[in-house]
Amino acid sequence: MDIDFFWIGAGLAVFGYFIGDGLKNFKNPKGSPSGHPTLIKEKDLYIYLGLRPEEVKELLVKYPAAPKLVLKGTTYYPYEHFTQWLSSEDIYKNR
């Protein structure tokens, strides 16, 4: 009988932990991460865009004004800004 109460107590403790962990950002839903990195290296950009590496290289050559950062010789692309730029009309204006 004592072992049954132990498992009930352990189950309630685990349940309380997960409920408490889920309520951390209850009043601030935008505080949770989006699951996408903030900066993406140029060599990994094709993964996040869903394109082949050759297509990403062609895109970057065709549009050198794409939003990017160069730090210590490595080129990074800010994910949110890059996807907004890609879906905006800015790349179609200079045709």
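Modeller: Let's start at one residue: apart from neighbours within four places in sequence, Y48 is in contact with P37, I40 and Y79. Contact here means heavy atoms within 4.5 Å. Keep in mind that this is a predicted model, where local features need pLDDT of at least 70, side-chain atom pairs count only at pLDDT 80 or more, and totals for chains, interfaces and linings use all residues. Residues are numbered from 1 along each chain as its sequence is written, and side-chain values use heavy atoms, with hydrogens and water left out.

Colleague: Which pattern does the protein chain follow along the sequence?

Modeller: Helices (H or I, at least four residues) and strands (E, at least two) are DSSP runs, numbered from the N terminus. The protein chain has 5 helices and 3 strands, and the pattern reads α-β-α-α-β-β-α-α. Of the contacts with a separation of 6 or more, 45% join residues 24 or more positions apart.

Colleague: Back to Y48, then. Is Y48 buried or exposed, or something in between?

Modeller: Buried means under 20% relative accessible area, exposed over 50%, and partly exposed in between (1.4 Å probe, protein chains only). Y48 has 37% relative accessibility, so Y48 counts as partly exposed. Y79 is buried, at 13%. Across the 95 residues of the protein chain, 18% count as buried.

Colleague: How many aromatic pairs does the structure hold?

Modeller: Rings of Phe, Tyr and Trp (its six-membered ring) pair if their centres lie within 6.5 Å; planes under 30 degrees apart count as stacked, over 60 as edge-to-face and the rest as tilted. The structure holds 5 such pairs. Take Y48 and Y79: their ring centres are 6.3 Å apart and the planes meet at 70 degrees, so this pair is edge-to-face. The pair links distant parts of the chain, with Y48 in helix α2 (residues 45-49) and Y79 in helix α4, 31 residues apart. For F82 and W85, the centres are 5.4 Å apart and the planes are at 45 degrees, so that pair is tilted. Ring pairs also link Y63, Y77, F82 and W85 into a cluster.

Colleague: Where do F82 and W85 lie?

Modeller: First, the general idea: an α-helix has 3.6 residues a turn, so residues three or four places apart point the same way. Here, F82 and W85 both lie in helix α4, 3 residues apart, about one turn of the helix.

Colleague: Which residues of α4 are buried?

Modeller: In helix α4 (residues 79-87), the buried ones are Y79, F82 and W85. Looking down the axis of α4, these buried residues fall within an arc of 135 degrees, so they line one face of the helix. That arc is taken from the directions from the helix axis to the C-beta atoms. On the other side of α4, Q84 and S87 are exposed.

Colleague: And the surface: which residues make the nonpolar patch?

Modeller: Like charges are joined within 9 Å, and nonpolar side chains (Val, Leu, Ile, Met, Phe, Trp, Tyr) within 5 Å. Accessible areas come from the Shrake-Rupley method with a 1.4 Å probe; for residues, only the protein chains shown count as cover. Here F5, I8, L12, F15 and I19 make a nonpolar patch of about 550 Å². L12 sits in helix α1 (residues 2-22) and, at 56% relative accessibility, counts as exposed.

Terms used. Patches are made of residues with over 30% relative accessible area and no salt bridge: like charges are joined within 9 Å, nonpolar side chains (Val, Leu, Ile, Met, Phe, Trp, Tyr) within 5 Å. A salt bridge is a side-chain nitrogen of Lys or Arg within 4 Å of a carboxyl oxygen of Asp or Glu.
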